[in-house]
Amino acid sequence: MRRAYSRGLVAAAAASALVLSACGGSNDNGGSSGSGGSSGGSVTIGFFGAQTGPNAQLGINISNGAELAIEQHNAKSGVTQVKLTKYDTQGDPAQATNQAKKAVSDKVAAIIGPAFSGESKTADPIFEEAGIPNVSASATAVALGQNGWKFWHRVLANDGVQGPGDADFIAKTLNAKTVAVIDDQSEYGKGLGDAVRKQLATDGVKVAVNDAINPDASSFSSTVNKVKPANPDVVFFAGYYSTAGKLVKQLRDGGVQGTFMSGDGSLDAEFIKGGGAAANGALLSCPCSSAVGSTDPAVQKFATDYKAKFNVDPATYSAEGFDATNAVLQAIDAGKTDPSDINDFVTKIDFKGVSKQIKFAPNGDLASDLLFITEVKDGKLAFLGDTTQAKPSA
Amino acid sequence: MWNDFTQQFWSSTIDGLTNGAIYGLVAMGYTLVYGVLRLINFAHSEVFMIGTFAALGALTLFGIDSPQSGLALVGVLLLMTLVAMAASGGTAVLLERVAYRPLRKRGASRLAALISAIGASFFLQEVFAIWQGRDQLSIPRVMNKDVWFNIGSGQVRNDKVLVIVAAILMMLALDRFVNTTRLGRGIRATAQDPDTAVLMGVNIDRVVLWTFLIGGILAGLAAALYGVFFELTQYNVGFLLGIKAFTAAVLGGIGNIRGALIGGLVLGLIENYGASIFGTQWLDVVAFSVLVLVLMFRPTGILGENLQRARV
């Protein structure tokens, strides 16, 4: 049933792709204003990810970054005006297929997103069939890079980097002897958790507790009761911030002392709100860097502009959203308005973004693999730098 | 596996009872309404959800955002409880008036009332999602969580004791109310045979209204305790808990007040024991497997007695 359904989707996407390319062909003859997403000297690109839903803040951080990049682009004189359309997936893979079809029929020239890994898995095949370049600012599942997709890119390292990077950091920098690894059974959480478990074993660190929780549950008492007697040096949680906040609070109330560590899914101020005082001292890793507190003038300018426009500091993936959008905007500046031309340009791009150097490997993954650490100090996120420089206070 | 079970036996027991007490309180609402109307009030989970938001709102209104002690703590707990009870009770009554009574008056089938219940549930959830956002909201900590003493691996903590004791007291009070008061007699009579009850002078509309109100008040208490214990709420906070509470009601014997609390406690214990043996990812699987097994051998649930036959 499910297979038949997705086959139908692919067929629908392929049909739209035909329409698209036909449209492109006629425009080639016509000459002037572009094809695909453009009409009358303007190009429309889409943001694809959660704007509402339980983990929407991450999506909003990215779309804010994209809006800022486009505003700055449109303010320059003599450029092709760019419009942004937001496709709200609520972070739900099922919603994502519908929104992806909508984006294809709207003929957007490029996509910033999809934001999460689960929705990438269902939406990316549709974009691939339709030939729409997509640059994700946040999807980190390793498997996404192994599909041979030509139109897919991401501006951050994948969980294949994050998981082992986290494990090495726990083993070497934190000198942990025993660790508890808990995941939330999601596409992202399970992948990251397993990667951490595997590398910890390689590093000779004992994984004393392995557990997986239902993120919708209120009580994690059974997990707390497993972790407590093992008394691990580090508790690593692979999942999203709303769950991480509940979990860290219940762990501390239950008397668990070890350092709490989590991945990019938990790197959000909402984690601190949910966890309260219990969140202090938590370490959060991310292949994304932080724009706040940087000494680089270009990054400082981004942080100032962002704060001026949205009245909040740039947060997780804001800088990546800005860089992903700029990669597409550079292609448009170079006169590319057709989706496949934009894709060719983006594939070969190499520029210094505000988050990191943006350069893609042939499969669409980022060429470099940096991992950054943030610590929760006094109820605030404090950026510690990449794993080689980070020195946690505890 | 078994090693984990024995090592975590006491901590699982205490946490199982605490979670189970909250299930039990919500389950009493399902059981009461079912006993009287033969209706599963699926919107009861939202009655609970509104209670948690009301408790949070009361704390925000009075600017309480730090742990209290002594009399101040008692006052804060009472405030949360009363406000949550008022909000949940009011919602339950409103639901009855808007979503169920019109159907009942027109003699609609029970299936129609069930769909109406599901519709009301979604309606309330989405209203709160749009009004309060879909993110989880934190409820400030109002009491310090002090460990009184340990039993084996289990911590006996003040907030857990509060939850368990409150649930048991409430069940006893309700049981007494249904069995000794005039209104309680009306509830039992309606549960037994609505037609004869009318002939005997019972005002059915009044009985139904009170049944919803009492169920809502119990959900309000559960909501206040939930707020103190878990310190969070969300528009869909009632969803999973509502399913668990409904399960507890069936496990204990639906229509049976004591059964609802027993079912809740048993469900809480099974969940935590199961999770300690097989891992937390198996928690729901274990709980529902046990439910099926129990119902196979005792189709009417553990206590199996209906509301109409409940005796002092």
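**Entry 1: the contact between chains A and B**

I began with the contact between the chains, to which chain A gives 29 residues and chain B gives 28 residues, counting two residues as in contact if their C-beta atoms, placed from the backbone, lie within 7 Å. Helices (H or I, at least four residues) and strands (E, at least two) are taken here as DSSP runs, numbered from the N terminus. Sorted by class, this side of chain A holds six nonpolar, 14 polar and nine charged residues, where Ala, Val, Leu, Ile, Met, Phe, Trp, Tyr, Cys and Pro count as nonpolar, Asp, Glu, Lys and Arg as charged, and the others, Gly among them, as polar.

I note that this is a predicted model, in which local features need pLDDT of at least 70 and side-chain atom pairs count only at pLDDT 80 or more, while totals for chains, interfaces and linings use all residues. Residues are numbered from 1 along each chain as its sequence is written, and chains are lettered from A and ligands numbered from 1 in the order in which they are written.

**Entry 2: chain A and its domains**

I looked up the make-up of chain A, which has twelve helices and 15 strands, and of whose 394 residues 57% are buried; a residue is buried if 20 or more other C-beta atoms lie within 10 Å of its own, exposed if 12 or fewer, and partly exposed in between, with C-beta atoms placed from the backbone. Among the contacts in chain A with a separation of 6 or more, 70% join residues 24 or more positions apart.

The domain assignment, whose bounds come from an automatic or database source, divides chain A into domain 1 (2-158 + 296-359) and domain 2 (160-286 + 371-386). Their contact takes 14 residues from domain 1 of chain A and 16 residues from domain 2 of chain A. On the domain 1 side, helix 2 (56-75) and helix 4 (117-130) of chain A each supply at least two residues, and the largest share, three residues, comes from helix 4 of chain A. By class I read six nonpolar, seven polar and one charged residues on that side of domain 1.

**Entry 3: the seven-stranded sheet**

I then followed the open sheet of chain A, in which seven strands stand in the order 8-7-9-10-11-14-15 with mixed pairing; two strands pair if DSSP finds at least two bridges between them. Its edge strands are strand 8 (206-212) and strand 15 (380-386) of chain A, each of which pairs on one side only, and neighbouring strands are turned by 20 degrees against each other on average, direction ignored.

Strand 9 (residues 234-238) and strand 10 (residues 259-262) of chain A pair in the parallel sense over four bridges, with Thr259(A) in strand 10 as the bridge partner of Val234(A). Strand 10 and strand 11 of chain A are also paired in the parallel sense, over two bridges, and Met261(A) stands opposite Leu283(A) in strand 11. I checked both faces of strand 11 of chain A and found them covered, with Leu283(A) and Ser285(A) buried on one side and Leu284(A) and Cys286(A) buried on the other.

Helix 7 (residues 221-230) of chain A lies across strand 7, strand 8 and strand 9 of chain A, running at about 175 degrees to strand 8; axes are lines fitted to C-alpha atoms, for helices over the stretch in contact, and angles run from 0 to 180 degrees between N-to-C directions.

**Entry 4: helix 5 of chain A**

I compared the length of helix 5 (residues 159-173) of chain A with expectation: at 1.5 Å a residue its 15 residues should span 21 Å, and its end C-alpha atoms are 19 Å apart, which agrees; the expected span is 1.5 Å times one less than the number of residues. Its buried residues, including Val161(A), Phe169(A) and Ile170(A), pack against strand 7, helix 6, strand 9, strand 10, strand 11 (283-286) and strand 14 (372-377) of chain A. Just after helix 5, Asn175(A) takes a positive phi of about 50 degrees.

In chain B I found helix 3 mostly covered, with 14 of its 18 residues buried, and followed by Gly63(B), whose phi is positive, near 65 degrees. Asn3(B), in helix 1 (residues 2-7) of chain B, counts as exposed because it has 8 C-beta neighbours inside 10 Å.
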